[in-house]
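I opened the model to look up a few loops, helices and packing contacts. My notes follow in the order I took them.

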Amino acid sequence: MVRLDSILSSWKSVREDTAQAVEDFAPYKLDFKPCADLMTFGDTARHILDAGYGLSGLLLAGEEDLSTPQFRENIGKLVAELPKTEDAAALARELRSAMERRAPELAAKPAEFYAGDIIRMDGQRVTRLEMLQLIKEHELTHRQQLFMYLRLNGVVPPTTRRRQAKAKA
């Protein structure tokens, strides 16, 4: 059984590595992308911030159907609450800050809240806890993009650096 505290703890770790990747990429241009059809590093990192904040905000607001035509408008209102992030330092800071604000709000909701069903953007019915897990998995997917961009620029991602340091110890 998946528990809320496990999802939140894992998401916080994922988010810290995302923020660290942004800081590690600071010497490079945030507009880097390996080919024309992909999002830039900065756009991907900002998407992680916006999607995590917006989707979790919709959950907290009690939205039950994310498949409606108003979905983009509703998530846009929440994303508009976030400050602009002009550089890597500001983006990394806001990635951390948004998680520090959001995690306690999510943790305060009772088990009954997370047992309730909602409809995802694709029309699939899931529990709120499953949706929260999906939000974390979405970030993991895009964090991997950031890690690939780091590697393309000769930077070792934070998770690999930790594993290497542990192996040396």
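**Entry 1: the loop between α2 and α3**

I started at Ala-61, which is found in the loop between α2 and α3. Helices here are DSSP runs of H or I with at least four residues, and strands are runs of E with at least two, numbered from the N terminus. This is a predicted model, in which local features need pLDDT of at least 70 and side-chain atom pairs count only at pLDDT 80 or more, while totals for chains, interfaces and linings use all residues. Residues are numbered from 1 along each chain as its sequence is written, and side-chain values use heavy atoms, with hydrogens and water left out.

Is Ala-61 buried or exposed? Ala-61 has a relative accessible area of 60%, so I noted it as exposed (over 50% is exposed, under 20% is buried, and in between is partly exposed, with a 1.4 Å probe and protein chains only). From Ala-61 to Gln-124 I read 19 Å between C-alpha atoms, for 63 residues of sequence.

Glu-64 is in the loop between α2 and α3. Its relative accessibility is 51%, so Glu-64 counts as exposed. Apart from residues up to four places away in sequence, Glu-64 touches Ile-118, Ile-119 and Arg-128 (contact means heavy atoms within 4.5 Å). The C-alpha atoms of Glu-64 and Tyr-149 are 36 Å apart, and the two residues are 85 apart in sequence.

**Entry 2: Thr-40**

I then went to the loop between α1 and α2, where Thr-40 is found. Thr-40 has a relative accessible area of 11% and is therefore buried. With residues up to four places away left out, Thr-40 touches Leu-30, Asp-31, Phe-32, Lys-33 and Tyr-149.

**Entry 3: Phe-113**

Phe-113 lies in helix α5, residues 111-115. I put Phe-113 down as buried because its relative accessible area is 13%. Beyond its neighbours within four places in sequence, Phe-113 is in contact with Leu-59, Leu-60 and Arg-128. Gly-62 is 51 residues from Phe-113 along the chain, with 8.8 Å between their C-alpha atoms.

**Entry 4: helix α6**

I checked the length of α6, residues 128-152. The expected span is 1.5 Å times one less than the number of residues. Just after α6, Gly-154 takes a positive phi of about 80°.

Arg-143 lies in α6. At 12% relative accessibility, Arg-143 counts as buried. What does Arg-143 contact, leaving aside its neighbours within four places in sequence? I listed Val-14, Asp-17, Thr-18, Ile-48 and Thr-159.

Helix α4 covers residues 88-107, and its 20 residues should span 28 Å. I found 29 Å between its end C-alpha atoms, which agrees. The buried residues of α4 include Leu-91, Glu-94, Arg-96, Met-99 and Arg-102. Their cover includes α1 (4-25), α2 (41-60), α5 and α6.

α1 and α4 pack at an angle of about 175°, with their axes 8 Å apart. The axes are lines fitted to C-alpha atoms, for helices over the stretch in contact, and the angles run from 0 to 180 degrees between N-to-C directions. The angle makes α1 roughly antiparallel to α4 (over 145 degrees is roughly antiparallel, under 35 roughly parallel, 65 to 115 roughly perpendicular and the rest oblique). Among the contact residues are Trp-11 and Arg-15 of α1 and Leu-95 and Met-99 of α4. By class, this contact of α1 with α4 has 14 nonpolar, two polar and five charged residues. Ala, Val, Leu, Ile, Met, Phe, Trp, Tyr, Cys and Pro count as nonpolar, Asp, Glu, Lys and Arg as charged, and the others, Gly among them, as polar.

**Entry 5: α1 against α7**

α1 and helix α7 (residues 158-168) pack at about 100°, with their axes 9 Å apart. That angle makes α1 roughly perpendicular to α7. Asp-17, Gln-20, Ala-21 and Asp-24 in α1 meet Pro-158, Thr-159, Arg-161 and Arg-162 in α7. I counted two nonpolar, two polar and four charged residues in this contact.

**Entry 6: cores**

The largest nonpolar core has 25 residues, and Trp-11, Leu-55 and Ile-135 are among those with the most contacts inside it. A nonpolar core is a set of buried Ala, Val, Leu, Ile, Met, Phe, Trp, Tyr and Cys residues joined through side-chain atoms within 4.5 Å. α2 gives the most to this core, with five residues. A second, separate core of 20 residues includes Phe-41, Ile-48, Leu-49 and Ala-88.
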